[in-house]
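Dear colleague,

I am passing on to you the structure we spoke of, and would ask you to look through it alongside the notes below.

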Amino acid sequence: MLVKTFAAALQGISATIITIEVNCSKGIQFFLVGLPDVAVRESHERILSALQKFNFKIPRSRIVINMAPANIRKEGSAYDLPLAIGILAGTEQIRADKLEQYMLMGELSLDGTLNPVKGVLPIAIKAREEGFKGFILPKQNAREAAVVNNLEVYGVSSIKEVIDFMNGERDLEQTVVNTREEFYAKQQQFEFDFSEVRGQENVKRALEVAAAGGHNIIMIGPPGSGKSMLAKRLPSILPPFTLHESLETTKIHSVAGKMGNETSLMTQRPFRSPHHTISDVAMVGGGSYPQPGEISLAHNGILFLDELPEFNRNVLEVMRQPLEDRLITISRARFTVEYPAGFMLVASMNPCPCGYYNHPTKQCVCSPGAVQKYMNKISGPLLDRIDIQIEIVPVPFEKISERTEAEPSSKIRERVVAARATQAKRFEAYPGIYCNAQMNSRLLHQYAIPDSRGLEILKKAMTKLNLSARAYDRILKVSRTVADLAGSDSIEPCHIAEAIHYRNLDRESWGV
């Protein structure tokens, strides 16, 4: 008897329908074809043990299973459930009339229970697009798949529940998630808040400007000055997720297996902070079976690189193209996958090897030229993509001991959201551009033109401070954001002056 069950394979952050064709005839052999990997081939032993637990068995007959399309590699253990159900239906141990209505995914334990799998959100989206009535999967993944509307999602604990459902002996409980209610209920919950930060008003202002314009930022300061502490609070002032951004980001984390059990949508922007020993493949994604890297896991959120000069040079250089294109393409001999990489880069570093260059009270003990050599670990092209460069000094005791609470993140966030709304309206005719940091040269000369006084200030600054030529565009972008925060249609001299203040590393005198 020939029967078909349906599963899905992941390619990038999208899913492809896999039709599992099971044909049982006279004989004693078992064949599994269709480009399965080792984990899929090993499913035979897991299925055999799981079925024996419930007094089912694989009869002594010739069973041929084809996983179509046969030119797509099938990976992982998530095909256990559709393979087992297909074998039972093909050997007429269960009814087959419901199989074409449901997508099946799940890894079997030897006792027949189901273990969670990766990537169920893009699979559920694909199941709805293809017109399936429902999706049967492990109970731990049910809430994640249930955010997809117009698709019945059934979370099950064991294969026995699926067998009874196919035979009409029981009904499965549908998992229902009110996507919008759950999404908006958790958007304001943050672990860290700017109200806990004493002093550092100029740095908090720089982070506010960075959040408002989507600018990359680097903080330079001695140990203990608060660089990491401030970076961890940046997500609390970013604009809240839109539902579309949340779905897109959740898909990436689902494919990477980063979603926790019993979770549905991501409601807060991701904050990824990889260690400086990370490899270039782990940063951008890839591997024998490509997986999203840290830059994709930080999509629509923040990638924080602490102690930037300590990262391997190759790791930093591979980020240059994704920073511009907001996309990473991973090519292999047989296929190519694309992962989104629209992240905001936040970096921190010490000013020198000993950490105390330009410290107000401690003496730098680095040898002559050591500061510049340390800075040269970061290439010019990468530094060119960082709009805001701010120097941090330690907070004095008087500020640390203050009892008054600083401005909370909620207040700062209101100004950031208002500025982003202005930019969204400005760039609504330009697809793919939604903030000032993404302006190209044409848009820069259209929307970031200072008046004559502003140009004069910029000219004097570039001459007196020996600013590099690459600083010119960056200053104009940041000044446009400062003007948006002030609610100004035009760029005024004070906005230009503030933007110039955020270009510390472009000064030729730095590190000399």
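What follows is what was found in it, taken region by region.

Please bear in mind throughout that this is a predicted model.

I begin with the nonpolar cores. The largest nonpolar core has 72 residues, and those with the most contacts inside it are Ile 20, Tyr 79, Ile 85, Phe 135 and Ile 136. The largest share of this core, seven residues, is contributed by helix 3, which covers residues 80–90. Apart from residues up to four places away in sequence, Ile 85 touches Thr 5, Ile 94, Leu 99, Leu 104, Ile 159, Val 162 and Ile 163. There is also a second, separate core of 48 residues, which includes Met 439, Ala 471, Ile 475 and Ile 500.

Next comes helix 10, which runs over residues 243–255 and reaches 18 Å from its first C-alpha to its last, close to the 18 Å expected at 1.5 Å a residue. Helix 10 is mostly covered, with 10 of its 13 residues buried; among them are Leu 243, Glu 245, Lys 251, Ile 252 and Val 255. After helix 10 comes Gly 257, whose phi is positive, near 75 degrees.

Finally, Ser 348 lies in strand 17, residues 344–349, and counts as buried because its relative accessible area is 0%. The side chain of Ser 348 makes a polar contact with the side chain of Asp 306 at 2.4 Å, and, leaving aside neighbours within four places in sequence, the residues in contact with Ser 348 include Met 219, Lys 227 and Phe 304. Ile 390 is 42 residues from Ser 348 in sequence, with 9.6 Å between their C-alpha atoms.

With best wishes

Conventions: Residues numbered from 1 in each chain as written. Predicted model: local features only at pLDDT ≥ 70, side-chain atom pairs only at ≥ 80, totals over all residues. Heavy atoms only, no water. Helix = DSSP H or I, 4+ residues; strand = E, 2+ residues; numbered from the N terminus. Expected span 1.5 Å × (residues − 1). Buried < 20%, exposed > 50% of the residue type's maximum accessible area, 1.4 Å probe, protein only. Contact = heavy atoms within 4.5 Å. Polar contact = N/O pair within 3.5 Å; in protein donor to acceptor, adjacent residues only side chain to side chain. Core = buried A, V, L, I, M, F, W, Y, C linked by side-chain atoms within 4.5 Å.
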